Every structure is written in C-alpha cells, then in structure tokens.
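Opening the notebook on this one.

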Amino acid sequence: IQPVVPFKLNEDWLLITRTIAPLIYQPEFYDGQGSEFGLGDISLSLFLGPSEPGEVIWGAGPVFTFPTASDEQLGTEKWSAGPAAVALTMKGPWVFGGLIQNVWDFAGDNDRADVNQMLFQYFINYNLPDGWYLTSSPIITANWEANNDNTWTVPFGAGFGRLFRIGKLPVNTQVQAFYNVEKPDDLGPDWTLRFQVQCLFPKSR
C-alpha cells in the first residue's frame, strides 16, 4: 500500500511524500517456524524538488523506516533513517529514471541485527498507443551488514501495463516478472511476479 502525495510549498518548491505500508505473507522456511501474515515496517520518504522542473525531474530528501511490524518475523524491530533521491526524464515515448536510498538503524532492539541497507530501482517505460506501455522497474537491494555472498539481491526482468479510466478515475495497472540473477545463498525466490494497481487523483486546475 503506497500512497504518493505532493504538497506545493511555494512557487518554487514541491514536497512529495511516499509512504510504503507493506502487507507481508512470510512462509515457513523450516519445520516448526510457522508462517506469518501481517503489517511490515512502514517507510516514509520525503522528496523536495522544484515546482516547475526542467528536462530532468528530480527530488531528494530523507527516508525513515519505523518498527511497525505486527510480528518480529516481518520486520527489523529497528528505527532507521537515511538519504533518498529520485530523478527521471522523458524522451518521446521513452521514460528513464531511478530511485536510490540507504538507511541505517539508530534505535531499537539491541538483540536484533543492525540495519545498513541500500535500495536502488531504475525504471524504463516505452509508451504505446491506447494507454499501453512496456516497462522494467526491478528493485535492487544490498544488505551491507551481510557477508559478500549474501549482500546483493539483483532481479532482472520486464512486463507491460495499461493506463485507463473507470468513470473519471485514471487507473494504472501493470504486470512484471523478474529473475534473481544474484541473491543471498539459500534465501529468497528465484523468480518474482509483481502485479500492481494504482489509482491516480490528478489535481484540478
């Protein structure tokens, strides 16, 4: 669940808030562990950028992660923060961009592992007629606290989507499939399928 809400601070600057509230199903990895479903750690990103961007649209600011997980298996039990930045540009039917952030823990349960994690997501879109588009936006992560064999998760893949309207409401839907060309030893899936639905609420002028 990821609401993205912009606020116009003045004629020159815009603040974009991006909140991620993950609902997670954690399967049983070994006998007796049990499975869990619930809320994970909520993160909040604050991107400050120009109200009238040029050829490159950008924003930068802090990101915070809160220990809101409903079960210890679904979160870090740590308070974390760090820098974040996003940028994109549009060239005809093409859209190129990327988002990067890194968080470090500064408080929380001392018995849990330290947090030093990077996230990088590039995105490439090619727009087609009638609202259709091709897209690739894998989420690459690095756990700097892990050893070299378990640091990176690097998916590679792509998919397609379509922007359409339900009445006056614009809706963006997409499906993407990714293969993890790099992942921690014996952890995580080989493949990931992502299905996404976004309801868009454009501001009236």
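Buried is under 20% relative accessible area, exposed is over 50%, and partly exposed sits in between (1.4 Å probe, protein chains only).

Caveats for myself: this is a predicted model, where local features need pLDDT of at least 70, side-chain atom pairs count only at pLDDT 80 or more, and totals for chains, interfaces and linings use all residues. Numbering runs from 1 along each chain as its sequence is written, and side-chain values use heavy atoms, with hydrogens and water left out.

Next I looked up Ala84. Leaving aside neighbours within four places in sequence, Ala84 is in contact (heavy atoms within 4.5 Å) with Phe47, Gly59, Ala60, Gly61, Val63, Ile100 and Gln101.

Then I zoomed out. I found 0 helices and 14 strands in the chain, as DSSP runs numbered from the N terminus (helices: H or I, at least four residues; strands: E, at least two). The radius of gyration is 19 Å, close to the 17 Å from the globule rule for 205 residues, so the chain is as compact as a globular protein of that length. That radius is over C-alpha atoms, and the rule is 2.2 Å times the number of residues to the power 0.38. The C-alpha box is roughly 55 × 35 × 35 Å along the principal axes.

I also noted that buried residues make up 28% of the 205.
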